[in-house]
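Open the model in your viewer and keep the sequence panel in view. This tour goes from one selection to the next.

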Amino acid sequence: MLVALTIAVTVAALALAAWCGFAAYRDQPTKDWHFIGMAVVSVLALVQLVVGIVQVARGEEPHDGSVIFFAYLAGALLSVPVAGFMSLTERTRWGSVVVAAGGVVLAVLEVRLFAIWGG
């Protein structure tokens, strides 16, 4: 895995979590700008998935096995979009809390992905 890409996804996810957490603190639901931020984080996670697939296809192997590696990559890809969808159904401050939690979950998944790859 590319360390720089993992760091970029982690930082972007934590920035999104802080931004949405601040919106929840101010008693605001998720707004259009938050969804643009979620899209950016989701695109970074998608790029990471593609890079992971390419590296495994070239013969590089994750330290803990390919199955768990791809399971974590799929979870990382889906965590923020699922949180965003849930925030659409809850148009209160709790929608912002859900997206903030999704960003934290993605950051934790990134740390675990780095460990699975052998970092």
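**Stop 1: α1 against α2**

Select L5, T6, A8, V9, A12, A13, L16, W19, C20 and A23 in α1, then W33, H34, G37, M38, V41, L44, A45, V47, Q48 and V51 in α2; these two sets meet. Contact here means heavy atoms within 4.5 Å. The contact of α1 with α2 divides into 16 nonpolar, 4 polar and no charged residues. Ala, Val, Leu, Ile, Met, Phe, Trp, Tyr, Cys and Pro count as nonpolar, Asp, Glu, Lys and Arg as charged, and the others, Gly among them, as polar.

The model is predicted: local features need pLDDT of at least 70, side-chain atom pairs count only at pLDDT 80 or more, and totals for chains, interfaces and linings use all residues. Numbering starts from 1 along each chain as its sequence is written, and side-chain values use heavy atoms, with hydrogens and water left out.

Now look along the pair. α1 and α2 pack at about 160°, with axes 10 Å apart. The pair is therefore roughly antiparallel. Angles under 35 degrees count as roughly parallel, over 145 as roughly antiparallel, 65 to 115 as roughly perpendicular and the rest as oblique. Axes are lines fitted to C-alpha atoms, for helices over the stretch in contact, and angles run from 0 to 180 degrees between N-to-C directions. Helices (H or I, at least four residues) are DSSP runs, numbered from the N terminus.

The crossing of α1 and α2 is left-handed: the near helix is turned anticlockwise from the far one by less than a right angle.

**Stop 2: α1 against α4**

The crossing of α1 with α4 is left-handed.

**Stop 3: α2 against α4**

Keep α4 and show α2. Their axes cross at roughly 20° and come within 12 Å. That angle makes α2 roughly parallel to α4. α2 also passes α4 in a left-handed crossing. From α2, pick M38, V41, Q48, Q55 and V56; from α4, pick V99, L106, E110, L113 and W117. This contact has 7 nonpolar, 2 polar and 1 charged residues.

**Stop 4: the core**

Which residues have the most contacts inside the largest nonpolar core? Select L16, V41, F69, V80 and L106. The core has 22 residues. A nonpolar core is a set of buried Ala, Val, Leu, Ile, Met, Phe, Trp, Tyr and Cys residues joined through side-chain atoms within 4.5 Å. Buried means under 20% relative accessible area, exposed over 50%, partly exposed in between (1.4 Å probe, protein chains only).

Two or more residues each come from α1, α2 (32–57), α3 (66–89) and α4. α4 gives the largest share, 7 residues. Centre on L106. Beyond four places in sequence, L106 touches V9, A13, V41, A76, S79 and V80.

**Stop 5: E110**

Move along α4 to E110. Is E110 buried or exposed? E110 counts as buried, because its relative accessibility is 0%. Outside four places in sequence, E110 contacts T6, V9, T10, Q48 and A76. Draw a C-alpha to C-alpha distance to L73: 8.5 Å, across 37 residues of sequence.

**Stop 6: S87**

Finish on S87 in helix α3. S87 also counts as buried, at 0% relative accessibility. Leaving out residues up to four places away in sequence, S87 touches T30, F35, M38, G95 and V99.
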